[in-house]
Amino acid sequence: METAIKQQFCPICKIEVGWSERYPNYLCGECMGRARTIDGRPVVFGNASINGGLVATFLDNREAYLSDVCFVDGVECRAQEARFGGVVMMPVSPAD
Ligand SMILES: [Zn+2]
């Protein structure tokens, strides 16, 4: 009898992350911390309130960033509100 080993890895840095059936390709926390806008400004994603809702803020001047698209090491990613709170980020194009 074979047991499937459920492992998954960050699509950017390849570090092992916790397995998630719902988010099979999510970025690790460290890579999420390197998120940039298309013009290279650091941006951070979070929840609008304890009831959820995704918000994004420029780290340099704390202005709202009205998009869920970001780039991590040049890879286009999208942030979304995680099912049980928090934020997950995944590449737009699936990794190889
Ligand atoms: Zn990573």
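Where does Ala4 lie relative to S1? Ala4 belongs to the segment before S1. Helices (H or I, at least four residues) and strands (E, at least two) are DSSP runs, numbered from the N terminus. This is a predicted model, in which local features need pLDDT of at least 70 and side-chain atom pairs count only at pLDDT 80 or more, while totals for chains, interfaces and linings use all residues. Residues are numbered from 1 along each chain as its sequence is written.

## Overall layout

The protein chain contains 1 helix and 7 strands. Their order along the sequence is β-β-α-β-β-β-β-β. The C-alpha trace spans about 55 × 30 × 20 Å along its principal axes.

A residue is buried if 20 or more other C-beta atoms lie within 10 Å of its own, exposed if 12 or fewer, and partly exposed in between, with C-beta atoms placed from the backbone. By this count, 17% of the 96 residues of the protein chain are buried. Ala4 is exposed, because 5 other C-beta atoms lie within 10 Å. Ala4 and Phe84 are separated by 80 residues in sequence and by 25 Å in space, C-alpha to C-alpha.

Two residues are in contact if their C-beta atoms, placed from the backbone, lie within 7 Å. Of the contacts in the protein chain between residues at least 6 apart in sequence, 37% join residues at least 24 apart.

## Strand pairing

Two strands pair if DSSP finds at least two bridges between them. The pairs are listed below.

| Strand pair | Sense | Bridges |
|---|---|---|
| S3 (residues 43-49) and S4 (residues 52-58) | antiparallel | 6 bridges |
| S5 and S6 | antiparallel | 4 bridges |
| S6 and S7 | antiparallel | 5 bridges |

S5, S6 and S7 make up an open sheet of 3 strands with the order S5-S6-S7 and antiparallel pairing. Its edge strands are S5 and strand S7 (87-91), each of which pairs on one side only. From one strand to the next, the twist averages 40°; axes are lines fitted to C-alpha atoms, for helices over the stretch in contact, and angles run from 0 to 180 degrees between N-to-C directions.

Several residue pairs can be followed across this sheet. Cys70 stands opposite Cys77 in S6, and Cys77 has Pro91 as its bridge partner in S7. Val72 has Val75 as its bridge partner in S6.

S3 and S4 form a hairpin with 2 residues between them. In this pair, Ser49 stands opposite Gly52 in S4. Gly53 is also placed in strand S4. Gly53 counts as exposed because it has 10 C-beta neighbours inside 10 Å. Apart from neighbours within four places in sequence, Gly53 is in contact with Asn47, Ala48 and Glu81. Gly53 and Ala82 are 29 residues apart in sequence and 9.5 Å apart in space, C-alpha to C-alpha.

## Positive phi values

Most residues other than glycine have a negative phi, and most peptide bonds are trans. Which phi does Lys14 have, although it is not a glycine? Lys14 has a positive phi of about 70°. Lys14 is found in the loop between strand S1 (8-9) and strand S2 (16-17). With 10 other C-beta atoms within 10 Å, Lys14 is exposed.

Asp73, also a residue other than glycine, has a positive phi near 50°. Asp73 sits in the loop between strand S5 (69-72) and strand S6 (75-81). The hairpin of S5 and S6 has 2 residues between the strands. Asp73 is exposed, with 11 other C-beta atoms within 10 Å. In the hairpin of S6 and S7, which has 5 residues between the strands, Gly85 takes a positive phi near 95°.

## Nonpolar core

In soluble globular proteins, nonpolar side chains tend to be buried together. A nonpolar core is a set of buried Ala, Val, Leu, Ile, Met, Phe, Trp, Tyr and Cys residues joined through C-beta atoms within 7 Å. The largest such core here has 15 residues, and those with the most contacts inside it are Leu27, Val72, Ala79 and Met89. Helix H1 (29-32), S5, S6 and S7 are the elements that give two or more residues to this core. Not counting residues up to four places away in sequence, Val72 touches Ile12, Leu27, Cys31, Arg34, Ala35 and Cys77.
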